[in-house]
Amino acid sequence: MLGYWLAVVRRLALPALATGAVCAAAMAAALVLGDGTSWSAAAPQALVAGAVGALAVIAVLSTSTVLSAARTARRYGLTLGPEAVALPSVREVRTPAVEGRTAFQLTDSVRHVVEKDPVLRLDEITAFGHGTLDFTLRGPSDTTVSVQVRVTTGPKETTAVVEARPAATYKRLDAAACWAVARVVEQRVAQALRAETADGGAAR
């Protein structure tokens, strides 16, 4: 939890500094233009106002973000860590190659698992093809999450890469929702590919 909070604070550093600069400039302008204070006399108060504004942004946004992320982690039975802040949230699944299965067939198996899973709350499949599956999910706190699954086959192994990101740019602070969704999709993809591996082994 502490690691996640520190990662959130680092992400908020630039927006907080920008807010602090605006607060400092507004305070300086009010003192100089409104009260006739000199610039040198107004500078300390302006700096204090800027620091207070920056700290307020960090305190409010980091607290709400961490609390929301903690609820999300509990809902999915996950442990919150600093990796939950990264966007896009990327997960990878590797399984032994299955003889006689194309990337399209494996992607189709993943699609069936996603469509039938009640936890994932599928919204829409936006792309489906040879090794390509794109869809949106209604994630925690009603955040819409865009997910991409890319399946590649090789002579020795099959690889599936899952990427999840907020469908709306303004939801970037809700990275934990994407992280949680990516973790669940990763598990479902692994189940689908392992089932194909088992079926392929039985067929041989």
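**Ground rules.** I am working with a predicted model, in which local features need pLDDT of at least 70, side-chain atom pairs count only at pLDDT 80 or more, and totals for chains, interfaces and linings use all residues. Residues are numbered from 1 along each chain as its sequence is written, and side-chain values use heavy atoms, with hydrogens and water left out.

**Thr-136, continued.** I checked its cover next. Thr-136 is buried, at a relative accessible area of 11%. Buried means under 20% relative accessible area, exposed over 50%, and partly exposed in between (1.4 Å probe, protein chains only). Then I listed what Thr-136 touches, setting aside neighbours within four places in sequence. Its contacts are Leu-122, Asp-123, Glu-124, Thr-144, Val-145 and Ser-146. Contact here means heavy atoms within 4.5 Å.

**Overall layout.** I stepped back to the whole chain. I count four helices and five strands in the protein. Their order along the sequence is α-α-β-α-β-β-β-β-α. The radius of gyration is 24 Å, well over the 17 Å that the globule rule gives for 204 residues, so the protein is more spread out than a compact globule. That radius is taken over C-alpha atoms, and the globule rule is 2.2 Å times the number of residues to the power 0.38. I also noted the span of the C-alpha trace along its principal axes, about 85 × 30 × 30 Å.

Of the 204 residues, 42% are buried. The accessible surface comes to about 10,600 Å², and carbon and sulfur atoms hold 60% of it. I note the method: Shrake-Rupley with a 1.4 Å probe, where for residues only the protein chains shown count as cover. I found 21 positive and 17 negative side chains, with the centres of the two sets 4 Å apart. Lys and Arg count as positive, Asp and Glu as negative; His and the chain ends are not counted. Each charge is placed at NZ of Lys, CZ of Arg, CG of Asp or CD of Glu.

**Core.** Which residues have the most contacts inside the largest nonpolar core? I found Tyr-4, Val-110, Phe-135, Val-147, Val-149, Val-185 and Val-189, in a core of 46 residues. Such a core is a set of buried Ala, Val, Leu, Ile, Met, Phe, Trp, Tyr and Cys residues joined through side-chain atoms within 4.5 Å. At least two core residues come from each of α1 (2-35), α2 (39-76), α3 (103-116), β3 (132-138), β4 (144-153), β5 (157-166) and α4 (175-203). Helix α4 gives the most, with 13 residues. Not counting residues up to four places away in sequence, Val-110 touches Leu-133, Val-149, Val-189, Ala-192 and Leu-193.

**Thr-107.** This residue lies in helix α3. Is Thr-107 buried or exposed? I have Thr-107 as buried, at 0% relative accessibility. Beyond four places in sequence, Thr-107 is in contact with Phe-128, Gly-129, Gly-131, Thr-132, Leu-133 and Val-151.

I found Ala-175 in helix α4. Ala-175 is buried, with a relative accessible area of 1%. Its C-alpha is 6.4 Å from that of Ala-84, although 91 residues separate them along the chain. Leaving aside neighbours within four places in sequence, Ala-175 meets Arg-11, Ala-84, Val-85 and Leu-87. Ala-7 sits in helix α1 and is buried too, at 8%.

**Tyr-76.** I placed Tyr-76 in helix α2. Tyr-76 is buried, with a relative accessible area of 16%. From Tyr-76 to Ala-49 I have 41 Å between C-alpha atoms, for 27 residues along the chain.

Most residues other than glycine have a negative phi, and most peptide bonds are trans. I looked for exceptions. A cis peptide bond joins Leu-87 and Pro-88, with omega about -5 degrees. Pro-88 is in the loop between α2 and β1 (89-96). Arg-121, not a glycine, has a positive phi of about 55 degrees. I found Arg-121 in the loop between α3 and β2 (122-129), partly exposed at 24% relative accessible area.
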